[in-house]
Amino acid sequence: YSSSGLEDVTVGGLRLQLLEPLKTIRLSFTDRHLNFDLIWQGFHDVFDMREAMGDLPEDVAKGHYEQSGTLKGRIVFGARVIDVDGYAFRDHSWGGRNWEGVQRWKTAVGQFGAEFAYAAGEILLPNVDVSYLGLMYDGHKTTRIRQASVEVDSESRPAQGRVTLEALDGKFTKIE
């Protein structure tokens, strides 16, 4: 890690502070009606999703990290105070994107405490077999997935579905 000058950035009242590189971020905001002070903390190392994208062209997603974690703090909206203590997911992408040829992009993300988390994607491009990407975290290690199936009851307004993940070691996990 090297200093980029972006460890503490404020834009229009939103402040992002990098407390621990690739691990802990403080997010705060203040205006007349809304303010919040939140700490996001990853519970596994960032996962290089670009590495997991296999034969997808680089212009579909040049750089892309994902990470499961926790979010804690407080949100104040007018007179309403909301204490936050839950799980959160970080998807950090950069670089240009060319999604013109993407015919289908289905993703699913799930967190079940610090014991299990996943992110899975199924992408279809012309002249390319379906590409799969994703990760599974079992509370100890992060594993790249070989294949993912994301099925939903409605493409436009999904309410329920099923995700089937196959890890590189051949282990299957199904989530409904």
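## A tour of pockets, strands and rings

In the largest pocket, strand E7 is the element that contributes most to the lining, with 4 residues. The model on screen is predicted, and residue numbers count from 1 along each chain as its sequence is written.

**Stop 1: the largest pocket.** Select Leu16, Leu18, Ile25, Arg90 and His92. Of the 18 residues that line the largest pocket, these five lie nearest its centre. The space in this pocket comes to about 470 Å³. Next, colour strand E2 (14-20), E3 and E7, the elements that give two or more residues to the lining. What classes of residue make up the lining of the largest pocket? There are 12 nonpolar, 2 polar and 4 charged residues.

Stop 2: Together E3 and E4 form a hairpin, with 3 residues between them. Zoom in on threonine 30: its bridge partner in E4 is asparagine 35. To see where they face each other, pick leucine 34, which stands opposite phenylalanine 77 in E6.

Strands of a sheet pair through backbone hydrogen bonds, either parallel or antiparallel.

**Stop 3: aromatic rings.** Show the side chains of the aromatic residues. How many aromatic pairs does the structure hold? It holds 6. Begin with phenylalanine 29 and phenylalanine 36. Their ring centres are 5.8 Å apart and their planes meet at 25°, so the pair is stacked; the cut-off for stacking is under 30 degrees. Both phenylalanine 29 and phenylalanine 36 are buried.

Move on to phenylalanine 43 and tyrosine 87. Here the ring centres are 6.2 Å apart and the planes stand at 80°, so this pair is edge-to-face. Phenylalanine 43 sits in the loop between strand E4 (34-42) and strand E5 (47-48), while tyrosine 87 belongs to strand E7 (residues 80-94), so the pair ties together parts that are 44 residues apart in sequence. Is phenylalanine 43 buried or exposed? With a relative accessibility of 15%, phenylalanine 43 counts as buried. Tyrosine 87 has a relative accessible area of 49% and is partly exposed.

Stop 4

**Stop 5: the open sheet.** Finally, select strands E8 to E13. In what order do the 6 strands of this open sheet lie? The order is E8-E9-E10-E11-E12-E13, with antiparallel pairing. At the edges are strand E8 (104-112) and strand E13 (172-175), each of which pairs on one side only. From one strand to the next, the twist averages 20°. Within this sheet, look at strand E10 (residues 131-137) and strand E11 (residues 142-152), an antiparallel pair joined by 3 bridges. End the tour on leucine 135, which stands opposite arginine 144 in E11.

Note on methods
Predicted model: local features only at pLDDT ≥ 70, side-chain atom pairs only at ≥ 80, totals over all residues. Heavy atoms only, no water. Pairing = 2+ DSSP bridges. Axes fitted to C-alpha atoms, helices over the stretch in contact; angles between N-to-C directions. Phe/Tyr/Trp six-rings, centres within 6.5 Å; stacked < 30°, edge-to-face > 60°. Buried < 20%, exposed > 50% of the residue type's maximum accessible area, 1.4 Å probe, protein only. 1 Å grid on protein atoms, 1.4 Å probe; cavity = no way out; pocket = protein on both sides within 12 Å on 5 of 7 lines; lining within 4 Å. Points joined across faces, edges and corners; volume = space filled by probe spheres on them. Nonpolar A, V, L, I, M, F, W, Y, C, P; charged D, E, K, R; others polar.
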